Amino acid sequence: MTTSTTLHAGVAQPSQTEVDTTYSKITWRLIPFLAFLWLLAWIDRVNVGYVKLTMLDELKWSESVYGLGAGIFFIGYFFFEIPSNLMLQKIGAKKTLMRITLGWGATCVAMAFAKTPEMFYVLRFIMGAFEAGFLPGVIVYLTYWYPSGRRAKVFSLITAASALSSVVGGPLAGNILNLMGGVGGLSSWQWVFLIEGTPTVLAGIFTFFYLTDHPKDAHWLTAREKQLVAAELERDHKALGEREHSIFAALKDVRLWLFVLIYFCIVAANATLNFYGPSLVKDLGFTNPATIGWIMSGAFLLGAGAQILNGSHSDRQREVRWHCAGAVLLGVIGMLIVAFAQGRSPAMVLTGLVIAVIGTSSAFPVFWQMPNRLLTGAAAAVGIALINSIANLAGFGSPFMLSAIKAATGKLTSGLFVIAAVELLAVLLIIWFVPKNVLAKPKTI
């Protein structure tokens with residue numbers, strides 16, 4: 001299919017091959033680097049799940065201290081995500097992403113010196129405040145470059161890095177915990193924060209020099225390629241029709257709040273898998289941190305592959321609703337298997353854990369295409385940040401709830417049933433209330 005958009009008088013219409021070649025060039029330039037930043041973000045965000053294996057015993061902290069500290073990260077997210085995305089609209093993506101990356105990397109390094117619960121809480125809050133805006137900022141940034149029919153696949157390539165973070169971060173943290181204890185007079189858990197936070201600081205500096213805010217500013221694109229991108233984006237804008245530009249009108253739209261609730265349910269499950277996955281594996285009798293890291297890395301490697309496959313298939317089929325609901329349902333099934341198999345079958349716990357990771361992970365890139373088709377401009381910047389900031393409070397609630405249940409019962413089983421029920425609610429909301437045409441009004445809630 002060739003584009004029907006006229007570029008300029010006297011300029012030949014592009015072939016689909018020419019358009020695809022241009023977008024391949026853009027993808028190779030932007031996506032690996034954005035994925036690398038997201039990889040670092042997730043390594044630095046969830047490394048507390050591995051550090052917990054030794055840090056709690058050494059500092060004499062309870063499960064409740066860990067649960068509150070792990071989750072308070074998302075309180076910082078909540079307060080600073082919308083301001084961050086509004087700032088991106090004003091100063092551009094590369095300055096915003098540089099600030100975010102430098103900030104959370106430096107905070108990760110500082111975590112090595114958190115010796116009291118209060119300092120642990122403060123630094124986790126600050127890390128969340130700095131990282132706030134990264135994901136919604138990238139989502140808005142991609143709309144400057146890609147038409148809607150290409151976004152699910154490229155976004156899946158970025159979000160797959162969150163799953164790959166456990167492939168890299170799990171074994172890395174495990175081996176640091178095994179090998180670095182006592183080096184330089186520091187504990188092994190301190191070295192995890194130092195070694196994993198330092199590359200992020202360096203990447204933040206590089207971000208400013210590498211990224212380009214808009215296609216028209218890209219010195220690495222030819223004039224013809226810039227014209228092709230502008231034409232593709234204009235064609236896509238016309239095909240989508242009128243979308244909401246007004247911030248205040250978007251906030252009054254029931255569809256925006258529907259997406260907040262759906263994403264809240266998905267994040268609750270994802271936070272459970274990231275912050276308590278290593279503990280679930282340890283409870284099966286695996287005591288070596290490196291072994292636990294490798295087991296989690298295998299599960300999340302499959303999750304990363306599933307993200308890319310689901311995003312690519314969604315773009316080819318030009319369908320998002322069932323691709324998202326089906327992925328979340330698979331996550332529910334996996335979570336239920338883990339809950340039922342607790343204390344009965346280690347093999348089934350591991351199987352369920354892998355299924356839960358695959359399903360829950362592969363929902364993310366497809367989910368974000370639904371609000372993207374509803375909002376544009378400033379409404380997109382605020383709306384997407386609002387969805388992410390409020391929904392990520394589930395990242396605070398689920399670890400806190402699970403830690404309280406674990407402290408009271410010694411097991412996570414009942415908490416896992418609660419999380420499975422919450423994730424199932426997302427499936428029902430998508431199927432029942434999200435119309436096939438996202439721009440259409442949903443059924444009344």
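Cys265 is buried in this predicted model, its relative accessible area being 1%. Searching the whole structure gives 0 disulfides. Cys265 takes part in no disulfide, and the nearest cysteine sulfur belongs to Cys324, 11 Å away. A pair of cysteine sulfur atoms counts as a disulfide within 2.5 Å, so the 11 Å between Cys265 and Cys324 rules this pair out. Cys324 is likewise in no disulfide, with the sulfur of Cys265 as its nearest cysteine sulfur. Cys324 is buried too, at a relative accessible area of 0%.

| Residue | Relative accessible area | Class |
|---|---|---|
| Cys265 | 1% | buried |
| Cys324 | 0% | buried |
| Ala129 | 15% | buried |

Ala129 lies in helix 5, which spans residues 117-131. Ala129 has 15% relative accessibility and the limit for buried is under 20%, so Ala129 counts as buried. Beyond the neighbours within four places in sequence, Ala129 contacts Gly76, Tyr77 and Phe80. Leu309 is 180 residues from Ala129 in sequence, and the C-alpha to C-alpha separation of the two is 32 Å.

Helix packing is the remaining topic. Helix 2 (residues 48-59) packs against helix 11 (residues 254-282) at about 45°, and their axes are 7 Å apart. Helix 2 is therefore oblique to helix 11. On the helix 2 side the contact is made by Val48, Gly49, Tyr50, Lys52 and Leu53, and on the helix 11 side by Phe275, Pro278, Ser279 and Lys282. By type, the residues of this contact comprise 5 nonpolar, 2 polar and 2 charged.

Key. Residues are numbered from 1 along each chain as its sequence is written. This is a predicted model: local features need pLDDT of at least 70, side-chain atom pairs count only at pLDDT 80 or more; totals for chains, interfaces and linings use all residues. Side-chain values use heavy atoms; hydrogens and water are left out. Helices (H or I, at least four residues) and strands (E, at least two) are DSSP runs, numbered from the N terminus. Buried means under 20% relative accessible area, exposed over 50%, partly exposed in between (1.4 Å probe, protein chains only). Contact means heavy atoms within 4.5 Å. Axes are lines fitted to C-alpha atoms, for helices over the stretch in contact, and angles run from 0 to 180 degrees between N-to-C directions. Angles under 35 degrees count as roughly parallel, over 145 as roughly antiparallel, 65 to 115 as roughly perpendicular and the rest as oblique. Ala, Val, Leu, Ile, Met, Phe, Trp, Tyr, Cys and Pro count as nonpolar, Asp, Glu, Lys and Arg as charged, and the others, Gly among them, as polar.
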